[in-house]
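Please keep the sequence and the structure in view while reading the points below.

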Amino acid sequence: MENQNLMLYKLMILYMLDRIDEYSLTNSQITKFIVDKGYTTHFNVLESISELIDKNFISVSTIRNTKRYKITNQGEEALGYFENKISNNIKQEIMDYIKQEKITLKNESEIFADFIYNEHNEYTVKCTIMERREIILEVRMNVPTKEMARNICDKWRSKSTDVYQLLIKEFMDE
């Protein structure tokens, strides 16, 4: 019975990632839906994600200690075979969650920043805005301290629209 349940959780995760195709989902976004709806525990969600990664059904990338997941071609194929194992009720709940949280999910996955320590003994900060898998703005800058890099990353999400609009305005002014 436990294996059947884990299979359902994996299929739910694949279904979520497949339906939100334009961008990735974080651990907390996936877990929030499955745990808040009472399907299972946080531990079982993490186990399911780990097994999906091991089977190459989802890919993972890490940005500032946040893991982001996308469905792979193999994951899409597996979902195609077993999607009928997910009840229509669960599918509808997933679609309602995506619709309800779309702006939050989109903002969290399309506006991000990260930094690395570089060979010049500084920190390179990379701030990105994406739309439908395309980078529409990427800014890289070097700063002398880790604290500065962290502050820029922390403020990027709230300031990114203003920065983008300022750049457009500056380049369009004669």
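Buried residues, meaning those under 20% relative accessible area with a 1.4 Å probe and only protein chains counted, make up 35% of the 174 residues in the protein. This is a predicted model, in which local features need pLDDT of at least 70 and side-chain atom pairs count only at pLDDT 80 or more, while totals for chains, interfaces and linings use all residues. Residues are numbered from 1 along each chain as its sequence is written, and side-chain values use heavy atoms, with hydrogens and water left out.

**Overall make-up**

- The protein has 6 helices and 6 strands, these being DSSP runs numbered from the N terminus, with at least four residues (H or I) for a helix and at least two (E) for a strand.
- Read from the N terminus, the elements follow the pattern α-β-α-α-β-β-α-α-β-β-β-α.
- Of the contacts with a separation of 6 or more, 55% join residues 24 or more positions apart, where contact means heavy atoms within 4.5 Å.

**The sheet**

- Three strands form an open sheet of 3 strands in the order E1-E3-E2, with antiparallel pairing, and two strands are taken to pair if DSSP finds at least two bridges between them.
- The edge strands, each pairing on one side only, are E1 (25–26) and E2 (58–63).
- E1 and strand E3 (residues 66–71) run antiparallel and are joined by 2 bridges, and Thr 26 stands opposite Arg 68 in E3.
- Helix H3 (residues 42–54) packs on the sheet, where it touches E2 and E3, and its direction makes about 110° with that of E2.

**Nonpolar cores**

- The largest nonpolar core has 26 residues, and those with the most contacts inside it are Ile 13, Leu 17, Ile 30 and Ile 94; such a core is a set of buried Ala, Val, Leu, Ile, Met, Phe, Trp, Tyr and Cys residues joined through side-chain atoms within 4.5 Å.
- Two or more residues of this core come from each of helix H1 (2–19), helix H2 (27–36), H3, E3 and helix H5 (88–110), and H1 gives the most, with 9 residues.
- Leaving aside neighbours within four places in sequence, Ile 30 is in contact with Ile 13, Met 16, Leu 17, Leu 25, Val 45, Ile 49 and Tyr 69.
- Another core, of 12 residues, lies apart from it and includes Ile 111, Ala 113, Phe 115 and Tyr 123.

**A buried glutamine**

- Gln 29 has its place in helix H2 and is buried, with a relative accessible area of 5%.
- A polar atom of the side chain of Gln 29 lies 2.7 Å from the backbone nitrogen of Thr 26.

Definitions and conventions: Buried < 20%, exposed > 50% of the residue type's maximum accessible area, 1.4 Å probe, protein only. Axes fitted to C-alpha atoms, helices over the stretch in contact; angles between N-to-C directions. Polar contact = N/O pair within 3.5 Å; in protein donor to acceptor, adjacent residues only side chain to side chain.
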